[in-house]
Amino acid sequence: MADHMRTQIRDAAITLITGLTTTGTNVFNARRRKIAQDQIPCWKVYVGDEDIPGEAATLDGALQRNTQLIFIGNAREVDG
């Protein structure tokens, strides 16, 4: 079975920001993941709650849902 659309969207966003000069491969897909000091700077990416609007429940025969794609950046101060 194919991944849910929320998972596909989140994973596509993670792919797009993985490899940035500042964070490299430190991109994680969990909102509550503990971050080790050696993994900072990093991004945490997840999909927020979703809702189904009453009036616009279908769009071209498909169920419409609204959600947020959330990016949390973690950084630390550098002496200097």
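A contact here means heavy atoms within 4.5 Å. With that cut-off, residues 24 or more positions apart account for 36% of the protein's contacts with a separation of 6 or more.

What you're looking at is a predicted model, where local features need pLDDT of at least 70 and side-chain atom pairs count only at pLDDT 80 or more, while totals for chains, interfaces and linings use all residues. Numbering starts from 1 along each chain as its sequence is written, and side-chain values use heavy atoms, with hydrogens and water left out.

The protein has one helix and five strands, taking helices as DSSP runs of H or I with at least four residues and strands as E runs with at least two, numbered from the N terminus. Along the sequence they go α-β-β-β-β-β. Of the 80 residues, 22% are buried, i.e. under 20% relative accessible area with a 1.4 Å probe, protein chains only; exposed is over 50%, and partly exposed is in between.

Now for the helix. α1 covers residues 5–17, and its 13 residues reach 19 Å from first C-alpha to last, close to the 18 Å expected at 1.5 Å a residue. That expected span is 1.5 Å times one less than the number of residues.

| Residues in α1 | State |
|---|---|
| Arg-10, Ala-13, Ile-14, Ile-17 | buried |
| Thr-15, Leu-16 | exposed, on the other side |

Down the axis of α1, the buried residues fall within an arc of 100°, so they line one face of the helix; the arc is taken over directions from the helix axis to the C-beta atoms. These buried residues pack against β1 (27–28), β2 (42–47) and β5 (69–74). Just after α1, Gly-19 takes a positive phi of about 100°.
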